Amino acid sequence: MKKICMKKALATLMALSLALACAACGGGAPQAPAGSAAATAAAADATTTAADAADAADAADATSSTAGASDAVASDAASDAGADSGARTKVTVGLTNTVQTMTPFAGLNPYYNMILGEIYQRLGMRAEFGSTEFACALMKEYERVDPVTYSVEIHGDIYDSAGAHMTAEDVAWSLEEAKSIGVPGANYLESAEVSGDYSLTIKLINDSLGGFETLCESCMIITKASYEASSDGMSSSPVGTGPYVLAEFITGSKAVIEKDGNYWMNKSATAAPLDCYAQNVDVIEFNFLTETTQMALAVESGTVQMGQWLNESIVADCDAVDGVVAEQMESSQMCEVLFNVTDKSPCLDANLRKAIAYCVNGDLVVQNVLYGIGYVPAAMGKVGQHGNNPAWGAEYDYFPYDVEKAKEFLAQSGYNGETLTIMIMSLPNFVAGAQVLQANMQAVGINCEISEYDDVTYGKYQPANTGYNYDIILHNMSMRGAYLIQTLAQWFDQNWYQDGHNMIGMADAELQALVDACMAPDWTQGDYDALYKYVYDNCLMYQWYANAFTVAHPESVTIPSCARGANKGELLVGACNFPADWSYFAQ
Amino acid sequence: MLKYILKRLLMMIPVILCVAILVFTIIYFTPGDAAQVVAGQGTPAEKLDELRESMGLNDPYFVQLGRYLHQVFVKLDLGTAMVNKTSITSDMQARFPYSMTLALIGIAFAICVGIPLGVYSALHQNKVGDRIAVVVSMLGVSVPHFWLALMLILLFSVKLGWLPAYGVGGIAYWIMPIIANCVGGMATTARQTRSSMLEVIHCDYIVTARSKGLKQSQIILRHMLPNALIPIITVTGMNFGGMLGGGLIIEQIFTIPGVGFYLTKGITQRDYYAVMGGVILLSVAFSVIMLATDLIQAFVDPRIKAQYAGDVKRRRKPHAREA
């Protein structure tokens, strides 16, 4: 009897556990996001007197027994109220990484730029992602005096959010400060000398192509007075000249920015407001959701209206939510296959390199590694960089997946069955990609093994000529910079490393001459075409697949090209277009 | 007692020093380049050399270690984070209260639920209630924190919409993280309480107490529990430390900006200085918790108190003879 009781109790307990797990796993009915057809209809239904809204808010409070839940429900109710009372519009954005400081000298991390790009401004930058046009922001105009000297004039009516007036001294100080702190890109600066209240002379360390543009894009400019007034170097209390100001910041959890009513560009006599600095929504709340599952749940439940830079594994789930679209946009990230072109590796043989390039099934990688979120490039390079030629895609057959051709090149090569080592960073995408590559190579008869490295040690072992043993590298490269050669130089410029070899181990005078021509201030498109041809003919590098920048957002929200930051394609939420019936409001 | 506390406090110094040296040494000898973390991939070798020189990374091991220890223990400065370039001390000041809140409330729940459950289980040994309690404890110990956290989110946030899924704010934000964080500790406490209680439950003095006609509640509270408490206190102390340092997964899932989350970010970003700062802080916190545990044990158990008192008397005796 006792045993039977025990068994029953145990069975009941197990059943309860199962029920709990099932209940938890069952998908909740997704909440239609603001601006979607469903939400619009709901908003219309709920019309819409202030009293109704207040009732709704009361009801919401009554149904939710907790403060947190009431936050979520009350925001819906408040939205109704807001629609009538003209309350401030708000959008909640999920970021897949954290922003731990608001300092203007944090560098070019795209996650930081999504927030800090709304608070601080630069002297100038490329107008939008994928554009080569350089636009002035704080600068009124600039002139190239000689290859290393630029004369810059800023607008005379720039004020930061604390009301401090910006002068040329502030610009010079900001640039010097960025350089001393080690902000990437600021190292192009030799000196910044003030020549007037609003004018200064910027000297670069050399006449490196794109140096001035990179310097301008990399350095946030602030007023010295506001920086010195801040007790923590603006880590938690930023004061910039941008269209938004920080309202709340909980390190590692969330940041709330709101429209600056005194934004200088709206009042300036000389500056025309830039589209990327638009204030299309009053309040933007960034939630840092580093857990992929949390992000998916937040998008599904409507807790966040926009989920930025989604992990590929959750894109389909987010896209399936009613009224939400997971928009894939071009990112600056590109995965490359690089070869060890030294006598230490069989990859010194160009035919073997071509055999590998042809045997790689890029589509398979995009489908299996990136869940279909990405694409196989038709040529090396990215749009939006000087020197990139869109005609390359049509002109050259960019190593399409062709097993027969791969076998032909393999037969022509001197490959004798050696086991090639594929070196990768120990990251899931690289591991999966390398496995596909390994399978593809073995299918045509090339033996290989995968060697994983931590990303720090990976960087150390990268240069081919330093004696480390690898044959192929898979590398993710951010194709940023105003000029294509700024990216390619990292692989092909022999001056990059002190031993006179480039990263793939070559000391080739012909290649270096081509690189130098592309890096010269008087470069021509012909120089880039010649470099492309050399790299293609010798198959020195093969751009394998490109990641996509995916944003989940309500169907009614549109993302114009100006909302993409030029440097890394980060999204500036304030410049997105929100519908007139946007039903989320700040409380 | 004061001397005992002082002695224990002094003993903490070498422990923390050893932790700092150990962490520094491990990170020093780990392959990788701190300068590259700061400068980013693709930085020319020349620039990296300059940076290494300016960061003092080219100095010998002992010089770097000495500089770090001086900075941490003399200047009380944990340094600057390599990636974010923020003061680690300030970061810790901002984040430690979150971790402490999570751990403190978690351990309070673990005690409040775990001990009564263990007592009940021991008093009803081999009965249905005991079996259920044992199974529940077993589940609590074996269920992974992160899984439980995700299940709670799915149920209470997504399905029922009762609680916020992430972030920090009012009480509602803390409910799920605390449950997910304390279930393991609760189960461990219950299991330890049960076994400790079973050890004392059949002792002669309990039989005597019963034969004297004392109430069951008096027997439990005055005779059983105080004698069973020592191992429970030890386990609770360990649980507290574990919750403080081990809450990093919970902090990450619920986006709580605590020390654990900071450490996780530091590890993934290869921010060595941030990791060192976090580990040192947690080791200090753990040492303090262990000290508190020992003091509570001395307070609760007259034998420990007597042992200490005996030690003092033994030292006093020779002086008395001399006099």
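Chain B of this predicted model holds 14 helices and zero strands, where helices (H or I, at least four residues) and strands (E, at least two) are DSSP runs numbered from the N terminus. Along its sequence, chain B therefore reads α-α-α-α-α-α-α-α-α-α-α-α-α-α. Its radius of gyration is 25 Å, well over the 20 Å that the globule rule gives for 323 residues, so chain B is more spread out than a compact globule; the radius is taken over C-alpha atoms, and the rule is 2.2 Å times the number of residues to the power 0.38. Taken along the principal axes, the C-alpha atoms of chain B fill a box of roughly 85 × 75 × 30 Å.

Residues are numbered from 1 along each chain as its sequence is written, and chains are lettered from A, with ligands numbered from 1, in the order in which they are written. Because the model is predicted, local features need pLDDT of at least 70 and side-chain atom pairs count only at pLDDT 80 or more, while totals for chains, interfaces and linings use all residues.

Chain A is divided into domain 1 (110–323 + 555–575) and domain 2 (333–547), with bounds that come from an automatic or database domain assignment. The C-alpha centres of the two domains of chain A lie 33 Å apart. Between them, 18 residues of domain 1 of chain A are in contact with 16 residues of domain 2 of chain A, contact meaning that the C-beta atoms, placed from the backbone, lie within 7 Å. On the domain 1 side that touches domain 2, helix 7 (211–218) and helix 11 (312–319) of chain A each supply at least two residues, and the largest share, four residues, comes from helix 11 of chain A. By class, this side of domain 1 of chain A has five nonpolar, eight polar and five charged residues, where Ala, Val, Leu, Ile, Met, Phe, Trp, Tyr, Cys and Pro count as nonpolar, Asp, Glu, Lys and Arg as charged, and the others, Gly among them, as polar.

Chain A also contains an open sheet of four strands in the order 5-6-8-7, with antiparallel pairing; two strands pair if DSSP finds at least two bridges between them. Strand 5 (139–146) and strand 7 (189–194) of chain A stand at the edges, each with a single partner strand, so one side of each is left without a neighbour in the sheet. Six bridges join strand 5 of chain A to the antiparallel strand 6 (residues 149–154) of chain A, and A:Asp146 stands opposite A:Thr149 in strand 6 of chain A.

Another antiparallel pair is formed by strand 10 (residues 244–250) and strand 11 (residues 254–259) of chain A, joined by six bridges. Here A:Leu246 has A:Ile257 as its bridge partner in strand 11 of chain A, and in the hairpin, which has three residues between the strands, A:Gly252 takes a positive phi near 80°.

Further along chain A, strand 16 (residues 419–425) and strand 17 (residues 447–453) run parallel and are joined by seven bridges, with A:Thr419 standing opposite A:Asn447 in strand 17 of chain A.

How values were computed. Contact = placed C-beta atoms within 7 Å.
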